Amino acid sequence: MRTESLGASYLALPDGTGPYPGVVVIHEASGLNDNIRGICRRFAAEGYAALGVDLFEGRNHAVCMARMFVGGMAGNLEYYGVPALKAALGRLASHPEVDSDRIGAIGFCLGGSIVLTWACTDDRLAAIAPFYGAAPKPKEAIRRLCPVVGSWPDHDFTTKAAGVLETELTAAAIPHDLKVYPGAKHAFFNDQLRVYHPAAAADSWRRVLAFFAEHVRRSPLERASHDS
């Protein structure tokens with residue numbers, strides 16, 4: 001495995017020669033930290049080029065959070081953070097060892113909400129994996145999403161998004177795998193926090209890898225052939 005920097009972003013690459021499928025990894029409210037870098041390395045170990053993006057790069061953390069919250073609540077599909085992710089995908093796609101036709105994204109908490117909104121307006125994404133993310137507004141935008149594998153804890157302020165997404169994705173015949181984990185709490189995937197839930201984290205990771213193997217790792221031609 002190799003790691004390198006793309007500006008303030010963190011890139012983990014598999015050993016060997018590409019082109020590899022890619023994954024954009026979007027952090028929680030705590031920013032691009034060792035937990036997110038570790039997730040990038042886990043993806044690289046599975047054969048993906050994984051780019052951890054810093055949405056707070058050179059900016060005031062609190063101001064960024066406020067702008068993202070207001071934009072999400074207002075139903076702005078290009079709210080603060082989304083343009084930065086579109087640019088990050090472009091940087092990842094242009095890397096000589098990455099296949100630009102096979103890129104997905106995963107996000108946690110803040111990143112889970114933003115990845116859902118971002119995917120409503122960017123057809124370059126092959127699949128996304130939101131963790132405890134809020135549903136995009138307006139609901140109609142959900143029907144423009146790519147395939148989604150989503151994970152939530154029960155009794156969380158984001159959990160109702162699972163039902164909203166299930167309804168809209170089913171209506172639009174968009175492939176999806178959504179699951180709520182009883183007994184888990186917000187940020188259950190983060191093994192550096194007390195709320196870490198090993199069973200939920202392991203099962204959700206297994207589901208993400210299986211879903212991405214089908215919808216990201218395959219070429220567009222293979223995906224089309226499989227769906228027909």
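In helix α4, the buried residues are Leu110, Gly111, Gly112, Ser113, Ile114, Val115, Leu116, Thr117, Trp118 and Ala119. The model shown here is a predicted one.

The strands come next. Eight strands form an open sheet, and their order across the sheet is β1-β2-β4-β3-β5-β6-β7-β8. The pairing in this sheet is mixed. Two strands stand at the edges: β1, residues 2-6, and β8, residues 176-181. Each of these edge strands has a single partner strand, so one side of each is left without a neighbour in the sheet. From one strand to the next, the twist averages 15 degrees.

Helix α6, residues 198-215, packs on this sheet. The strands touched by α6 are β3 (20-26), β5 (98-108), β6 (128-131), β7 (148-153) and β8. The direction of α6 makes about 180 degrees with that of β8.

Strand β4 can be followed in more detail. On one side in the sheet order stands β2, and on the other stands β3. Strand β2 (residues 9-13) pairs with β4 (residues 49-53) in the antiparallel sense, over three bridges. In this pairing, leucine 11 stands opposite leucine 51 of β4. The pairing of β3 with β4 is in the parallel sense and runs over five bridges. Here valine 23 stands opposite alanine 50 of β4.

How many of the residues of β4 are buried? Five of its five residues are, and the strand is mostly covered. In a regular strand the side chains alternate between the two faces of the sheet. In β4, Ala49, Leu51 and Val53 lie on one side, while Ala50 and Gly52 lie on the other. These residues are all buried, and both faces of β4 are covered.

Helix α1 also holds asparagine 35. Asparagine 35 has a relative accessibility of 7%, so it counts as buried. Leaving aside neighbours within four places in sequence, asparagine 35 is in contact with Glu28, Asn190, Asp191 and Gln192.

The largest nonpolar core has 74 residues, and the members that touch the most other members are Val25, Phe43, Trp118, Ile128, Leu145 and Phe212. Helix α6 gives the largest share of this core, seven residues. Isoleucine 128 shows what such contacts look like. Not counting residues up to four places away in sequence, isoleucine 128 touches Ala105, Val115, Leu116, Ala119, Leu145, Cys146, Pro147, Val148, Val149 and Phe212. Among these, Val115, Leu116 and Ala119 are buried residues of helix α4.

The last topic is charge. Side chains of opposite charge can pair when their charged atoms come close. The structure holds eight salt bridges. One of them joins arginine 102 and aspartate 99, with the closest N and O atoms 2.8 Å apart. Arginine 102 has a relative accessible area of 13%, so it is buried.

Another salt bridge is formed by arginine 207 and aspartate 177, whose closest N and O atoms are 3.1 Å apart. This pair links distant parts of the chain, with arginine 207 in helix α6 and aspartate 177 in strand β8, 30 residues apart. Arginine 207 is buried, at a relative accessible area of 4%, whereas aspartate 177 is partly exposed, at 26%.

Aspartate 203 forms a salt bridge with lysine 179, and their closest N and O atoms are 2.8 Å apart. This pair also links distant parts of the chain: aspartate 203 is in helix α6 and lysine 179 is in strand β8, 24 residues apart. Is aspartate 203 buried or exposed? At 17% relative accessibility, aspartate 203 counts as buried. Lysine 179 is partly exposed, with a relative accessible area of 32%. Salt bridges that share partners join Lys179, Asp203 and Arg206 into one network.

Terms used: Residues numbered from 1 in each chain as written. Predicted model: local features only at pLDDT ≥ 70, side-chain atom pairs only at ≥ 80, totals over all residues. Heavy atoms only, no water. Pairing = 2+ DSSP bridges. Helix = DSSP H or I, 4+ residues; strand = E, 2+ residues; numbered from the N terminus. Axes fitted to C-alpha atoms, helices over the stretch in contact; angles between N-to-C directions. Contact = heavy atoms within 4.5 Å. Buried < 20%, exposed > 50% of the residue type's maximum accessible area, 1.4 Å probe, protein only. Core = buried A, V, L, I, M, F, W, Y, C linked by side-chain atoms within 4.5 Å. Salt bridge = Lys/Arg side-chain N within 4 Å of Asp/Glu carboxyl O.
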